[in-house]
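Please look through the model below with a view to reading its helix packing and its strand pairing.

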Amino acid sequence: MKVGLVLGGGGVRGLAHIGVIKVLKKHQIPIDLITGTSMGGAIGGLVAAGIDIEEIEDFVLKTPSYRIVDIGLGKGGLFGGNKIYMMLLEFFEQKGLGDLEIEQLHIPFRTVAVDLKKGKSVVFNQGSLRLAIRSTTSVPGFFAPVKHEDKVLVDGGILNNLPTDIAREEGAEFVIAVDVERAHEERAPRTMIDVLNRSLSIMMVEIRRHKLHFADLVIKPEIGHLQAFDITKIKQCIMAGESAAEKALENFGALYDNLKNMEM
């Protein structure tokens, strides 16, 4: 069966996807399609391009924060986001990939952004991979929106933070979803960022619950208590992804076989 991997958004928590994919690779789980949003879109796009997950992990752990932060006040966000774009170009060029097109990827890949002008989701299924990643990671209020053609694009998590439905639409018969959304805390928010994070999380929770119905196997790393931009927790997130994937894959064989038998 065609196996689809769906990687959710969650800022730094999304780096747990690295740990999950390391375990999928270790157990030789085939991945025939990847969909993702925000950090899930970034990690998924790099994997779909054929970059080894250990290389991605090394790149993430060794990249200092100042390389991705450029002040963008007055441009629609605290940070401009251009450094991320240039960093991706540099990484692709190191791997001999250049400005790779989505149609050229080793694994079929889709990622989601939101067009603020029309208030609708935009699914990237062709064109520049760098542009797609830059768009899906443009967290509202933090990174400046991406102006492309007649669109103003931001993080797709607003409307579809776990694009399991897109994986199904693209033909995935067995869907593995990795949910890294923040857990709800019953306490008063302490900072402006806390207020924004909490508001976005509450807004997206019902949509996410609906999307989980499209998944056959859900991997949920224990990182829901972490802040989306806590860069001191990168290694912790990766390790949590590994642990959750190992536990979830204990059920993979039985679920996969049962579904395959039903199809037959």
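Predicted model: local features only at pLDDT ≥ 70, side-chain atom pairs only at ≥ 80, totals over all residues.

Q: How is the packing of helix 2 and helix 5 to be read?
A: Two packed helices are described by the angle between their axes and the distance between the axes. Here helix 2 (residues 39-48) and helix 5 (residues 129-136) pack at an angle of about 160 degrees, with their axes 8 Å apart. Helix 2 is therefore roughly antiparallel to helix 5, a term used for angles over 145 degrees. Helices (H or I, at least four residues) and strands (E, at least two) are DSSP runs, numbered from the N terminus.

Q: Which residues make the contact of helix 2 with helix 5?
A: Gly41, Ala42 and Gly45 of helix 2 meet Leu129, Ile133 and Thr136 of helix 5, contact meaning heavy atoms within 4.5 Å.

Q: How many residues of helix 2 are buried?
A: Nine of the 10 residues of helix 2 are buried, that is, under 20% relative accessible area with a 1.4 Å probe and protein chains only. Among them are Ile43, Leu46 and Val47. After helix 2 comes glycine 50, whose phi is positive, near 95 degrees.

Q: Which way do the residues of strand 4 point?
A: In a regular strand the side chains alternate between the two faces of the sheet. From strand 4, Phe109, Thr111, Ala113 and Asp115 point one way, and Arg110, Val112 and Val114 the other way. Seven of the seven residues of strand 4 (residues 109-115) are buried, so strand 4 is largely enclosed by the rest of the structure.

Q: In which sense does strand 4 pair with strand 2, and in which with strand 5 and strand 8?
A: Two strands pair if DSSP finds at least two bridges between them. Strand 2 (residues 33-37) pairs with strand 4 in the parallel sense over four bridges, and threonine 35 stands opposite arginine 110. With strand 5 (residues 120-124), strand 4 pairs in the antiparallel sense over five bridges, and aspartate 115 has lysine 120 as its bridge partner. Strand 8 (residues 151-155) also pairs with strand 4 in the antiparallel sense, over three bridges, with valine 114 opposite valine 154.

Notes:
Residues numbered from 1 in each chain as written. Heavy atoms only, no water. Axes fitted to C-alpha atoms, helices over the stretch in contact; angles between N-to-C directions. Parallel < 35°, antiparallel > 145°, perpendicular 65-115°, else oblique. Buried < 20%, exposed > 50% of the residue type's maximum accessible area, 1.4 Å probe, protein only.
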